[in-house]
Amino acid sequence: MAKVSIVMGSDSDMPIMAQAAEILEKLGVEFEMTVISAHREPDIFFEYAKAAEARGIKVIIAGAGKAAHLPGMCAALFPMPVIGIPMKTSDLGGVDSLYSIVQMPSGIPVATVAINGGTNAGILAAKILAASDDELLKRLKDYSENLKNDVVKKAEKLDQIGYKEYVSQMKQ
C-alpha cells in the first residue's frame, strides 16, 4: 500500500516530481503519483486530499509553481505531514512558488524544500516514515554513507590527477 502520495499541479512539473519518485523507489518506499489542480478542478482535489488518509497515505509531497496553492491546500485537508516543492517559474524564477508554499498561516504547516528540490522532498518523506520503521531507517543510513563515500572518492581522484585534469574530465 502506498505510504506517500506525490501530487503535482501540472504535468510540466513531472521532471522534478520524478526525482522524488526515484529516491522513494531506491529506498523501497511505496508511493502513488497523480496530476491534480487545486484551482482548475477543486472538487476532484478536495476528494483526493480528504481521502488520502483512508488510502493509507502518511505523507504528501506536493509540487506547484506560481501561486502554488496545492501544498497548502493539501495541508489544510490532510492531517499528516505535507512537503511542498516550489517549482522554478519563468516569471520569477520560483521565488513566487517558494513564498507561496513557505508562508503558510499558523496552524497549517507545510515542510518546504528548495526550488525544484524533488530529491530532497523524497528523502524527507522517507525520513518522516523512518521514525517508525527501523528497516527504512537502515536504508536511509546506508544511502547517507554512500553519499559520503562518493565525496571521499572524488577528493581522492582530485588529489591523484589535479584540478586541471579533473575539470577536463568533467567537460566530457
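Here are some notes on the fold and on a few residues of this chain.

1. Before you start: this is a predicted model, in which local features need pLDDT of at least 70, side-chain atom pairs count only at pLDDT 80 or more, and totals for chains, interfaces and linings use all residues. Residues are numbered from 1 along each chain as its sequence is written, and side-chain values use heavy atoms, with hydrogens and water left out.

2. Let's begin with the overall plan. The chain has six helices and five strands; helices (H or I, at least four residues) and strands (E, at least two) are DSSP runs, numbered from the N terminus. Along the sequence they follow the pattern β-α-β-α-β-α-β-α-β-α-α. The C-alpha atoms fill a box of roughly 60 × 45 × 30 Å along the principal axes.

3. Now the sheet. The five strands form an open sheet with parallel pairing, in the order β2-β1-β3-β4-β5. At the edges are β2 (31-35) and β5 (111-112), each of which pairs on one side only. Two strands pair if DSSP finds at least two bridges between them; β3 (residues 59-64) and β4 have five bridges, in the parallel sense. Within that pair, G63 stands opposite I85 of β4.

4. Helix α1 (residues 14-27) lies across β1 (4-8), β2, β3 and β4, and runs at about 170° to β1. Helix α4 lies across β3, β4 and β5, at about 160° to β4. Axes here are lines fitted to C-alpha atoms, for helices over the stretch in contact, and angles run from 0 to 180 degrees between N-to-C directions.

5. How do α1 and α6 pack? Helix α6 covers residues 134-171, and its axis is 10 Å from that of α1, at an angle of about 110°. The two helices are therefore roughly perpendicular to each other (the range for that word is 65 to 115 degrees; angles under 35 count as roughly parallel, over 145 as roughly antiparallel, and the rest as oblique). I23, K26 and L27 of α1 make the contact with L136, R139, L140 and Y143 of α6, where contact means heavy atoms within 4.5 Å.

6. On burial, 37% of the 172 residues in the chain are buried. The cut-offs are under 20% relative accessible area for buried and over 50% for exposed, with partly exposed in between (1.4 Å probe, protein chains only). Helix α3 (residues 70-77) has L70, P71, G72, C74 and A75 buried. Their cover includes β1, α2 (42-51), β3, β4 and α4.

7. Please take a look at T89, in the loop between β4 (82-86) and α4 (95-102). Is T89 buried or exposed? T89 counts as buried because its relative accessibility is 10%. Its side chain reaches the backbone nitrogen of G94 at 3.1 Å, within the limit for a polar contact (a pair of N or O atoms within 3.5 Å; within protein, one must be able to donate a hydrogen and the other to accept it, and residues adjacent in sequence count only if both atoms are side-chain atoms). Beyond its neighbours within four places in sequence, T89 touches G65, K66, G94, D96 and S97.

8. Finally, M1 sits in the segment before β1. With 65% relative accessibility, M1 counts as exposed. Leaving aside neighbours within four places in sequence, M1 is in contact with E30, R55 and G56.
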